[in-house]
Amino acid sequence: MKKVLITGASGGIGLEVAKLLATKNYQITLVARREDALNKAKSVLAGTGHSIHVSDLTKQEDVQKLAAHITANSYDVLINNA
């Protein structure tokens, strides 16, 4: 199973891409500012094993946390939609 991380994934284009890739058996990590919106977005994805990562990419601290997460995890695809 391929893994993809999508920023700006709680709505709009990011969420639509996540939905499409989830139907193609990708494991999705959704990234956005609001945990409630991310959980709602995750709940509409096909399949299992998806995750969320709460980050406000306008904040340096959150960017660093996301960079550490990406470094610690292996992703096949990054969609930078934020």
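**Helix packing in the predicted model**

The residues of helix 3 that are buried are Asp62, Leu66 and His69. Around the axis they cover an arc of only 55 degrees, which puts them on the same side of helix 3. In an α-helix there are 3.6 residues a turn, so residues three or four places apart point the same way. The face of helix 3 turned away from the buried side carries exposed residues, which are Gln60, Glu61, Thr71 and Ala72. Helix 3 comprises 13 residues (60-72) and reaches 18 Å from its first C-alpha to its last, close to the 18 Å expected at 1.5 Å a residue.

A corresponding analysis was made for helix 1. Helix 1 spans residues 12-23, 12 residues in total, and its first and last C-alpha atoms are 17 Å apart, close to the expected 16 Å. Gly14, Leu15, Ala18, Leu21 and Ala22 are buried in helix 1. Viewed down the axis of helix 1, these buried residues fall within an arc of 130 degrees, so they line one face of the helix. Gly12, Ile13 and Thr23 are exposed on the other side of helix 1. The buried residues of helix 1 are covered by elements that include strand 1, strand 2, helix 2 (35-43) and strand 4 (77-80). Just after helix 1, asparagine 25 adopts a positive phi of about 70 degrees.

At the level of the whole chain, 3 helices and 4 strands are present. From the N terminus on, these elements follow the order β-α-β-α-β-α-β. The radius of gyration of the chain is 11 Å, close to the 12 Å given by the globule rule for 82 residues, so the chain is as compact as a globular protein of that length. The C-alpha trace spans about 35 × 25 × 20 Å along its principal axes. Of the 82 residues, 34% count as buried. Among contacts in the chain with a separation of 6 or more, 50% are accounted for by residues 24 or more positions apart.

Interactions involving aromatic rings were also examined. Lysine 3, however, lies over the face of tyrosine 75, at 4.9 Å from the ring centre.

How values were computed: Residues are numbered from 1 along each chain as its sequence is written. This is a predicted model: local features need pLDDT of at least 70, side-chain atom pairs count only at pLDDT 80 or more; totals for chains, interfaces and linings use all residues. Side-chain values use heavy atoms; hydrogens and water are left out. A charge sits over a ring if NZ of Lys or CZ of Arg is within 6 Å of the ring centre and within 35 degrees of the ring normal. Helices (H or I, at least four residues) and strands (E, at least two) are DSSP runs, numbered from the N terminus. The expected span of a helix is 1.5 Å times one less than its number of residues. Buried means under 20% relative accessible area, exposed over 50%, partly exposed in between (1.4 Å probe, protein chains only). The arc is that of the directions from the helix axis to the C-beta atoms. The radius of gyration is taken over C-alpha atoms; the globule rule is 2.2 Å times the number of residues to the power 0.38. Contact means heavy atoms within 4.5 Å.
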